[in-house]
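Visitor: I would like to learn how to read a model like this one. Please take me through it feature by feature.

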Amino acid sequence: MSNHTKRDSWTSKWGFILACIGSAVGMGNIWLFPARISAYGGATFLIPYLIFVVIIASTGVIGEMAFGRATRSGPVGAFGQATQQRFGTQKPGRLLGLIPVLGSLALAIGYSVVVGWIFKYLFLSLSGGLKELNGVDAFDSLFGTTAVSNVGWQVLGMLVTVAIMAFGIGKGIEKANKLMIPLFYALFIGLAIYLFTLTGSRDAYRYIFLLDPAGLRDPMVWVYALGQAFFSLSIAGNGTLIYGSYLGKDANIPADAKMVAIFDTCAAVLSALVILPAMAVAGQQLTTGGPGLMFIFLPNVLKSIPVGGILLIIFFLAVIFAGLTSLVNLFEAPTATIQEQFHLSRPVAVSIIGVIGIVVGLIIAPIVSGWMDVCSIYFCPLGALLAAVMFFWVCRKDFVLDQVNLARSKPLGRWFYPMAKYVLCLVTVLVLILGAVNGGIG
C-alpha cells in the first residue's frame, strides 16, 4: 500500500520535527491560549489542556503521520489507498480526500490575510508608525475604508510563502523551519525574561500557575481546553498527514509526535508568559483573545512599558515566523495534490496555488473573520475525523500497528489501538458538534 514514485523527503529527523512544530505553533498559541489561561484561571485550565494534548498527540498526531508515510501521499491518495485496501476501489476515498485538501486551502487563504496584517504591523513597528497610532486606529486600517492599504503586505506574505515552498521539502520548507522556529523561541524567551524583570509582572506569574480545584468542575473549562488542544496540535487530515508522507521508514513516529506535542505546548505556555506579564505590568488584565489581542491590546500595552518600541519589533518578528511556518504547512497539502494529480513540477504547482491564494485572499479579506470561523469550526475537525476513520477504521488493524511501530525497538502498548479507534474519534466528533453549537471552541 505504497506509492513508489520518487518523492521529496526530509533531510533530517529534526528538520521534520521542526516543520511539524512550525505547523502547530501559530495564532492559536499566541492570541487564544493566553486568553483562555486568563479567563479560566491558569493551572485550572492547563490541567485539562495537558490531558487532551496527551490524548490527541498519542493518537491523532501519530495516526496522521503514520498514515501519510504508509501511503506516501496526501489526503486524496491516502484515503484512496485506504478504501482500496478495504473495499477494492479508490474512488470513494479519493473523493473524501478532497474535503481536507479544500479545507486546508480555504484555511490557508484566510491565514494569508492574517500574515499580511502581521507584515504590516512589523513594518509599522520598525518605522515607528505604530507608536503614532492607537491600537484601534491601526487595526481599523486593516478592515475599514483604508483596508486596501494592506493589499501589498498580503501579497508580500504570499510571495514569501510561495518562495519557501518552491524550493521543495528539504531545501525549502525544512530549511525555513530550521531557521524560523528556533528564532521564534529565542525571541519569545527573550521577551519573557525581560518582562520578568519589570515591576508588576509577578502578579501574572502567580495567576498563570494558580490552581482552583473548584474551577475544574466547570464544564466550559474542559470544552475550551479540548478545543484549544485540538486546534493547537494541527490535526485536520491534511498538514500533518502530508508532512508524514515525506518521512522515511527509519523515522520513529510516536517519538517524533511526542516532541511536537512538547514543543507546541511550550510555545503556548511561553506566549502566556509574555502576554499576561505584559498586561500585568501595564496594570491591565487580559480577558479576551482573538485578533484584537495582537493588533489592539498588546501593541498599546507594549508601547507603554520600558523599551516598548523594541519589544514591539521583537514580538511581531517572532509572530511572523510562527505565521509563515503555519501558512507553508496549510498550503502544502493542496500544492502536493495538484502536483500529484496533474503531474506538474513543484514550481508550477506552487505558482498555481500562490495565484489562487492571492486572488481569493484579496476577495475575502473584508470577511476573513467569518471565513476563518467556518474553516476552523467545520473543515478542520471534519478533516481530522475523516483521516482517523480512514486509518483506524477502514485500514486493517495489523496494517495500522505495523505502520505506527515501524522503526521502534518496542511497539506501542495495547492501549494504543482502542484509544485511537474509539477515544480519538469520539473526541473529534465532540469538537465538531461543540464547535457547531457554540460557534467555535478553539
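**Confidence first**

Guide: Among the elements of the protein, helix H6 (residues 135-143) has the lowest mean pLDDT, 53. Helix H17 (residues 397-404) has the highest, 96. pLDDT is the predictor's confidence in each residue, from 0 to 100. Helices (H or I, at least four residues) and strands (E, at least two) are DSSP runs, numbered from the N terminus. This is a predicted model: local features need pLDDT of at least 70, side-chain atom pairs count only at pLDDT 80 or more, and totals for chains, interfaces and linings use all residues. Residues are numbered from 1 along each chain as its sequence is written, and side-chain values use heavy atoms, with hydrogens and water left out.

Visitor: What is the mean pLDDT of the protein? Where does pLDDT stay under 50?

Guide: The mean is 87, and 92% of the residues reach 70 or more. pLDDT stays under 50 over residues 143-147. The model has six contacts (heavy atoms within 4.5 Å) for that stretch, counted beyond four places in sequence.

Visitor: How many salt bridges are there?

Guide: Side chains of opposite charge can pair when their charged atoms come close. The rule here is a side-chain nitrogen of Lys or Arg within 4 Å of a carboxyl oxygen of Asp or Glu. The count comes to three. One of them joins lysine 178 and glutamate 174, with the closest N and O atoms 3.2 Å apart. The two residues are four apart in helix H8, so about one helical turn separates them.

Visitor: Is glutamate 174 buried or exposed?

Guide: Buried means under 20% relative accessible area, exposed over 50%, partly exposed in between (1.4 Å probe, protein chains only). Glutamate 174 is buried, at 1%. Lysine 178 is partly exposed, at 37%.

Visitor: Which residue meets arginine 346 in a salt bridge?

Guide: Glutamate 332, at 2.7 Å from N to O. Arginine 346 lies in helix H15 (residues 346-364) and glutamate 332 in helix H14 (residues 308-342), so the pair ties together parts 14 residues apart in sequence. Arginine 346 is buried at 11%, and glutamate 332 is buried at 0%.

Visitor: How many aromatic pairs does the rule give?

Guide: A pair of aromatic rings is described by the distance of the centres and the angle of the planes. Rings of Phe, Tyr and Trp (its six-membered ring) pair if their centres lie within 6.5 Å; planes under 30 degrees apart count as stacked, over 60 as edge-to-face and the rest as tilted. The count comes to 26 pairs. In one of them, the rings of tyrosine 185 and phenylalanine 263 have centres 6.1 Å apart and planes at 80 degrees, so the pair is edge-to-face. Tyrosine 185 sits in helix H8 (residues 168-196) and phenylalanine 263 in helix H12 (residues 253-281), 78 residues apart. Tyrosine 185 is buried at 12%, whereas phenylalanine 263 is partly exposed at 27%.

Visitor: Which residues do ring pairs link into a cluster?

Guide: Trp14, Tyr121, Phe184, Tyr185, Phe188, Phe263, Phe315 and Phe316.

Visitor: Which residues make the nonpolar surface patch?

Guide: Patches are made of residues with over 30% relative accessible area and no salt bridge: like charges are joined within 9 Å, nonpolar side chains (Val, Leu, Ile, Met, Phe, Trp, Tyr) within 5 Å. Areas come from the Shrake-Rupley method with a 1.4 Å probe; for residues, only the protein chains shown count as cover. Val389, Trp393, Tyr422 and Val423 make a patch of about 350 Å². Helix H16 (368-394) and helix H18 (416-438) each give two or more residues to the patch.
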